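Here is a short report on charged pairs and on open space in one protein model. Take a look at the structure before reading on.

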Amino acid sequence: MTTFLTTPQGRHIAYHHTPGKGPGIVFLGGFRSDMTGTKAQALQAWAEAAGRSFLRFDYSGHGQSHGAFVDGAISDWREDAAAVIEVLTEGPQILVGSSMGGWIALLLARDLGPRIAGFVGIAAAPDFTERMWEAELTLAERTTLLEDGVFLRPTDYDDEPYPITLRLIEDGRHNLVMNGPLHLSMPVRLLQGSADPDVPPTVAISLFHQISSPDLRLTLVKDADHRFSTPPCLAMIAEAIEDVIRAREALPVDHPVGLKISNLG
């Protein structure tokens, strides 16, 4: 049975929460994905086996949550994520963000202070709307967006094209994280496939240099694609979470935020 949370904005968000020890794990899915995906389900099984708290949910307009997808944007989905974390979890949480979920998780990691204990990005796609506008859309597609407010973009992940709205593009500009230093006072692990056609490794490398963290590592995986859902990739995500937990426990109480311990490989 699906359980729903009503956010302060009045949106009804579907979620599944498994109780357990902390720090808890919160999975944030990607653009047009939902909480029944391979990564979300695999991480729930891993968390249950470890006795660790785990939360997965659908943004408004996604999956089983209420609302129309075309009405949503990054600000709305960030509010959804913040609401489920605030109401449904206790104590520090490790955010695991896939693709667009990586962008939303970065916003929360930056803004929610001690509630966020760590961040694991899986093909994280911060500021993807701006890259789409600047480098991916043709002049004709931009014109359609400006005149009609929406453009139907073909995708390899669905039989139906994805609606890209002008509001999504404009709202994205109010949520950019790659336009200045990104200070995160927590361990960070970035996982990126070398064969990702949607979020190229250059994005992960730029994010690596943008983040200031007490313990920051980027792992490039040869031939892994954007889904990052093969058994070896799923095992790597679980290992990254475990590594964040160990790194968090090893940090001194008053660690310097600017210290960066990094490893590329």
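A residue counts as partly exposed when its relative accessible area lies between the buried range, under 20%, and the exposed range, over 50%. Arginine 153 has 24% relative accessibility, so arginine 153 is partly exposed. The model is predicted.

**Salt bridges**

Side chains of opposite charge can pair when their charged atoms come close. How many salt bridges does the structure hold? There are 13 salt bridges. Three of these pairs are set out below.

| Pair | N to O distance |
|---|---|
| Aspartate 111 and arginine 78 | 3.3 Å |
| Aspartate 111 and arginine 110 | 2.8 Å |
| Arginine 153 and glutamate 136 | 2.7 Å |

Start with the salt bridge between aspartate 111 and arginine 78. Aspartate 111 belongs to helix α3, residues 100–111, and arginine 78 to helix α2, residues 74–88, so their pairing ties together parts that are 33 residues apart in sequence. Is arginine 78 buried or exposed? Arginine 78 has a relative accessible area of 18%, so arginine 78 is buried. Aspartate 111 is partly exposed, at 38% relative accessibility.

Aspartate 111 also forms a salt bridge with arginine 110. Arginine 110 has a relative accessible area of 39% and is partly exposed.

Next comes the salt bridge of arginine 153 with glutamate 136. This pair links distant parts of the chain, 17 residues apart. Arginine 153 sits in strand β7, residues 150–153, while glutamate 136 sits in helix α4, residues 128–136. Glutamate 136 has 38% relative accessibility, so glutamate 136 is partly exposed.

Some salt bridges share partners. Arg11, Asp76, Glu79, Asp80 and Arg167 are joined in this way into one network.

**The largest pocket**

Rolling a probe the size of a water molecule over the atoms shows where empty space is left. The largest pocket has a volume of about 940 Å³. Its lining is made up of 33 residues. Which residues lie nearest the centre of the largest pocket? They are Phe31, Ser99, Tyr157, Tyr162 and His226.

Several elements contribute to the lining. Helix α4, α1 (38–50) and β8 (162–165) each supply at least two residues of the lining. Which element gives the most to the lining of the largest pocket? The answer is α4, with four residues. Glutamate 136, of the salt bridge with arginine 153, lies in helix α4 too.

Conventions:
Residues are numbered from 1 along each chain as its sequence is written. This is a predicted model: local features need pLDDT of at least 70, side-chain atom pairs count only at pLDDT 80 or more; totals for chains, interfaces and linings use all residues. Side-chain values use heavy atoms; hydrogens and water are left out. A salt bridge is a side-chain nitrogen of Lys or Arg within 4 Å of a carboxyl oxygen of Asp or Glu. Buried means under 20% relative accessible area, exposed over 50%, partly exposed in between (1.4 Å probe, protein chains only). On a 1 Å grid over the protein atoms alone, a cavity is a set of points where a 1.4 Å probe fits but cannot get out, and a pocket is an open set with protein on both sides within 12 Å along at least five of seven lines; lining residues have an atom within 4 Å of a point. Grid points are joined across faces, edges and corners, and a volume is the space filled by probe spheres set on the points.
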